[in-house]
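Thanks for making the time this morning.

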Amino acid sequence: LYLASPLFLVMSTIAFHDHLLIALCLAACHFMVLFAMRFTAEGRGFRWLYLAALLLGLATLTKYNALSVGLAFLPFLLSHRVLRRSLLTPQPWLAALLSVLLQAPVLWWNFAEGFASYRFHLSERWVDPQQATPAQLPLFLLVSVITLSPLVVWGAIRLVGHRPDTRFASLAQPLA
C-alpha cells in the first residue's frame with residue numbers, strides 16, 4: 001500500500017503529517033467501494049459505510065483537505081442508480097453525521113478561539129497576492145509531473161480511459 005501511492009513517497013520526504021491523511025482517505029474510499037459493492041448486490045453493507053465515515057472523520061482531523069473526499073462521496077452515490085436508493089435510508093446521513101461529530105473538538109476549539117484556524121485557512125493565508133498567480137500554473141504542473149514521475153502521470157491519464165475488468169474496479173474508478 002505504501003509503495004502503491006506515490007504521494008506517500010513525496011509527502012514522507014518532508015516533515016508533514018499528510019501520510020496519515022492519505023492513508024485514512026484511501027482507507028475511507030476503499031470501504032466506501034466495499035459498501036457500494038455490498039449495497040448494489042444485496043441492498044445492505046452499511047457497516048462498511050460507517051467505517052468509511054469514521055475513517056473520513058479521522059482523516060479530516062489530520063487536515064481539512066479530507067473534506068474534499070467527503071464531498072466526493074455524495075456525487076459517487078448519486079452517480080449509480082442502485083446506490084441512489086441508499087440515500088433514501090437514514091444510514092448515509094447518519095454516517096455523514098458521524099464524520100462531522102468527529103470534528104467536535106476542532107469545532108469547539110475554533111468557537112472558543114474566534115474561529116482562528118478557519119480564519120487562517122480562508123483569508124489570512126491568502127493575504128499576499130504574490131503567493132499564487134495564474135502564471136505559476138504551468139510551473140506548478142511541471143514540478144508536479146517531475147515529482148510524481150511521468151510514469152505515474154501517464155498511468156493516471158490511462159486510468160481515465162481504462163475499462164474496469166472487475167466489479168470492485170468499476171465502482172472504484174468513478175470515486176477515484
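Predicted model: local features only at pLDDT ≥ 70, side-chain atom pairs only at ≥ 80, totals over all residues.

Residues are numbered from 1 along each chain as its sequence is written, and side-chain values use heavy atoms, with hydrogens and water left out.

Helices here are DSSP runs of H or I with at least four residues, numbered from the N terminus. Axes are lines fitted to C-alpha atoms over the stretch in contact, and angles run from 0 to 180 degrees between N-to-C directions.

Let me begin with α2 and α3, which pack at an angle of about 165°, their axes being 8 Å apart. That makes α2 roughly antiparallel to α3, a label given to angles over 145 degrees, while those under 35 count as roughly parallel, 65 to 115 as roughly perpendicular and the rest as oblique. Among the residues in this contact (heavy atoms within 4.5 Å) are Leu24, Phe31 and Phe35 of α2, together with Trp48, Leu55 and Ala59 of α3. By class, the α2 contact with α3 comprises 20 nonpolar, one polar and two charged residues; Ala, Val, Leu, Ile, Met, Phe, Trp, Tyr, Cys and Pro count as nonpolar, Asp, Glu, Lys and Arg as charged, and the others, Gly among them, as polar.

Against α4 (residues 67-78), α2 packs at about 15°, with the axes 11 Å apart, and the two are therefore roughly parallel. Val69, Phe73, Phe76 and Leu77 make the contact from the α4 side, and the residues of this α2 contact with α4 divide into 10 nonpolar, no polar and no charged.

Which residues touch the most other members of the largest nonpolar core? Of its 28 residues, they are Met32, Phe35, Phe73, Phe76, Leu77 and Leu83, where a core is a set of buried Ala, Val, Leu, Ile, Met, Phe, Trp, Tyr and Cys residues joined through side-chain atoms within 4.5 Å, and buried means under 20% relative accessible area with a 1.4 Å probe, protein chains only. The largest share of this core, 10 residues, comes from α2.

Terms used: Buried < 20%, exposed > 50% of the residue type's maximum accessible area, 1.4 Å probe, protein only.
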